[in-house]
Amino acid sequence: MRAAIAVLGLLALCGCAADIPSTEQPAMYLNMASGDAKLDPQAAASMISLYRQNNGLGGVAVDPQLMKLAESQSQAMASRNKLDHDVKAPLAERLNASGYPATLAVENVSAGYHTLAEAFSGWRDSPPHRANMLKNGVTKLGIAASYAPNTKYKVFWTMILASSEPR
């Protein structure tokens with residue numbers, strides 16, 4: 001009997017421990033307006049994939065080469081304090097110069113959003129950006145946020161969605 005009571009007491013304590021709220025902030029709400037902030041590309045891919053799946057489309061996976069291209073674009077915009085798809089070159093030229101074998105590619109850029117959730121909401125609420133996120137046939141993603149404290153926008157975002165599959 002004592003053993004049964006002890007087990008029940010232990011289970012009750014374990015149940016209480018499960019009620020302790022986590023202090024870790026979800027990746028989508030991490031403030032990127034900080035020099036040490038790191039964007040979680042897997043969280044972004046999950047968010048975009050879920051959005052696409054809710055709209056009858058396939059998900060996307062993080063692609064290391066697209067990550068580098070997105071980072072380069074965000075850094076270029078941040079260093080020039082300019083929100084512009086073509087700040088370095090048009091997307092097609094940047095893809096070709098990198099050797100990325102894109103058969104389909106679209107890009108969303110934005111600035112001023114401090115979190116992934118804010119950037120996603122801004123893109124979702126903009127018809128051209130929403131169309132890019134819901135582009136049929138894309139399977140890969142690269143995303144970056146670059147912090148530039150001495151600029152108007154503070155955070156510059158780039159998301160590239162692409163496919164290298166034959167069409």
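Q: Which residues does threonine 151 touch, not counting residues up to four places away in sequence?
A: Threonine 151 touches Ala78, Asn81 and Phe156, where contact means heavy atoms within 4.5 Å. This is a predicted model, in which local features need pLDDT of at least 70, side-chain atom pairs count only at pLDDT 80 or more, and totals for chains, interfaces and linings use all residues. Residues are numbered from 1 along each chain as its sequence is written, and side-chain values use heavy atoms, with hydrogens and water left out.

Q: Why is threonine 151 called buried?
A: Its relative accessible area is 10%, and buried means under 20%, exposed over 50% and partly exposed in between (1.4 Å probe, protein chains only); threonine 151 therefore counts as buried.

Q: What makes the pair of aspartate 84 and lysine 82 a salt bridge?
A: The term requires a side-chain nitrogen of Lys or Arg within 4 Å of a carboxyl oxygen of Asp or Glu. The closest N and O atoms of aspartate 84 and lysine 82 are 3.7 Å apart, and the two form a salt bridge.

Q: Why is lysine 82 called partly exposed, and why is aspartate 125 called exposed?
A: Lysine 82 has 43% relative accessibility, so the label is partly exposed. Aspartate 125 reaches 56% and therefore counts as exposed.

Q: What is the N to O distance in the salt bridge of arginine 124 and aspartate 125?
A: The side chains meet at 3.2 Å, N to O.
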